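Student: I have a structure open and I am new to it. Can you walk me through the main points?
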2 protein chains.
Amino acid sequence: MNRVIEKYRASGLKLTPQRLAILKHLEGNKDHPSAEEIFRSVQKQFRTMSFATVYNTLELLVSRGDLAELSIDAAKKRFDPDSRPHHHLICKRCSSIVDIFQDFDIELPKTLKSEFRVFGHHIEFYGLCPRCSGNQQAGNH
Amino acid sequence: MNRVIEKYRASGLKLTPQRLAILKHLEGNKDHPSAEEIFRSVQKQFRTMSFATVYNTLELLVSRGDLAELSIDAAKKRFDPDSRPHHHLICKRCSSIVDIFQDFDIELPKTLKSEFRVFGHHIEFYGLCPRCSGNQQAGNH
DNA sequence: TTTCTTGCAAAGATTTTGCAATTGC
DNA sequence: GCAATTGCAAAATCTTTGCAAGAAA
């Protein structure tokens, strides 16, 4: 995310401490956090932090392509700062998400390709994480 | 969905007219409707229809494996009555969803497979539908 | 009659928005 | 100082829930 900060500076956006804290929280984050998790974390540093700022910043990052918004979890949007193309594996019990860095050879039928303009694809694997598969009681995180 | 009705009857669930109307609306439906779309449609026949009944019925169907809940659309849950395994293609502009009935050969790395218990996978293709790719103005549906 | 289901209304959860006050540049 | 950003609070969505009344079997 450090290069994201440089990009910010270069395009005239303001580097407010709130934004920097959000960027810092996202940097290298493998938890695929929701907006609320990001809010709670950053609020520890900024007591006056608001959801508006979190959502504003997330929307900005997504629109600039520096953050991916995942729709893999039906309950809420989750965010992924890793910009490398990859897939995800979600635990159906605790909703934890892990990255899958493997390239699969996926080719759509030609008939469809001529109608739709397809940009890309994303594979969602689902199952039970090690913790949940051995524990019927395990809840969310 | 007719066989779903038989299954219902066989397991002692009540076949209320509201449920039958919801099942009828879902039968053969390729629109991947949201709960609200189902509600609006069925409400035309039952003026007193409530969201509770729609959500109750959808949850029941999902729990019995007769309906798939899609998390492909970040804005809301959408439902798919087609129980055959398949994938989806979503239009990033109007959020329309079309089915992809093609089987891709997807194999996870062994290391992951030994940790996670993986049940299955779902591929989300994204792009622009024919209508939206030729029309910058196109809105939702 | 018994049990399940409905409808209503309220509550919960997530996300968005308007706008005055503030702050980075 | 100007324009972008923040914080607050209210509102907009989507979904769930409690419970009394009603209906299927």
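Tutor: One term to begin with: helix axes here are lines fitted to C-alpha atoms over the stretch in contact, and the angles run from 0 to 180 degrees between N-to-C directions. Keep in mind that this is a predicted model.

Student: Zooming out, how many helices and strands does chain A have?
Tutor: Chain A has 6 helices and 5 strands. Along the sequence they follow the pattern α-α-α-α-β-β-β-β-α-β-α. The C-alpha trace of chain A spans about 45 × 45 × 20 Å along its principal axes.

Student: Switching to salt bridges: how many are there over all chains?
Tutor: A search of the whole structure finds 14. One of the pairs that meet in a salt bridge is Glu6(A) with Arg9(A), at 3.7 Å from N to O.

Student: Where do Glu6(A) and Arg9(A) lie?
Tutor: Both are in helix α1 (residues 2–10) of chain A, 3 residues apart, which is about one turn of the helix.

Student: And how many salt bridges run across the interface of chain B and chain A?
Tutor: The rule finds 0 there. For polar contact, the rule finds 15 residue pairs across that interface, both residues being at pLDDT 80 or more.

Student: Which parts of chain B supply the side that touches chain A?
Tutor: β3 (87–91), β4 (97–100), α5 (110–115), β5 (117–128) and α6 (130–133) of chain B each supply at least two residues. The largest share, 12 residues, comes from β5(B). By class, that side of chain B has 21 nonpolar, 7 polar and 7 charged residues.

Student: What area do the two chains bury between them?
Tutor: Chain B and chain A bury about 3,200 Å², with 68% of it on carbon and sulfur atoms. In chain B, Ser71(B), Phe116(B) and Tyr126(B) lose the most area to chain A, together 19% of what that side buries. The contact takes 35 residues from chain B and 35 residues from chain A.

Student: Back to helices, in chain B this time. How far apart are the axes of α2 and α4?
Tutor: The axes of helix α2 (residues 17–26) of chain B and helix α4 (residues 51–63) of chain B are 10 Å apart, and the two helices pack at an angle of about 65°. α2(B) passes α4(B) in a right-handed crossing.

Student: Which residues meet there?
Tutor: Gln18(B), Arg19(B), Ile22(B), Leu23(B) and Leu26(B) of α2(B) meet Thr53(B), Val54(B), Thr57(B), Leu58(B), Leu60(B) and Leu61(B) of α4(B). The classes in that contact are 7 nonpolar, 3 polar and 1 charged residues.

Technical notes
Residues numbered from 1 in each chain as written. Chains lettered and ligands numbered in written order. Predicted model: local features only at pLDDT ≥ 70, side-chain atom pairs only at ≥ 80, totals over all residues. Heavy atoms only, no water. Helix = DSSP H or I, 4+ residues; strand = E, 2+ residues; numbered from the N terminus. Left-handed = near helix turned anticlockwise from the far one by under 90°. Contact = heavy atoms within 4.5 Å. Nonpolar A, V, L, I, M, F, W, Y, C, P; charged D, E, K, R; others polar. Buried area = accessible area lost by both parts, 1.4 Å probe. Salt bridge = Lys/Arg side-chain N within 4 Å of Asp/Glu carboxyl O. Polar contact = N/O pair within 3.5 Å; in protein donor to acceptor, adjacent residues only side chain to side chain.
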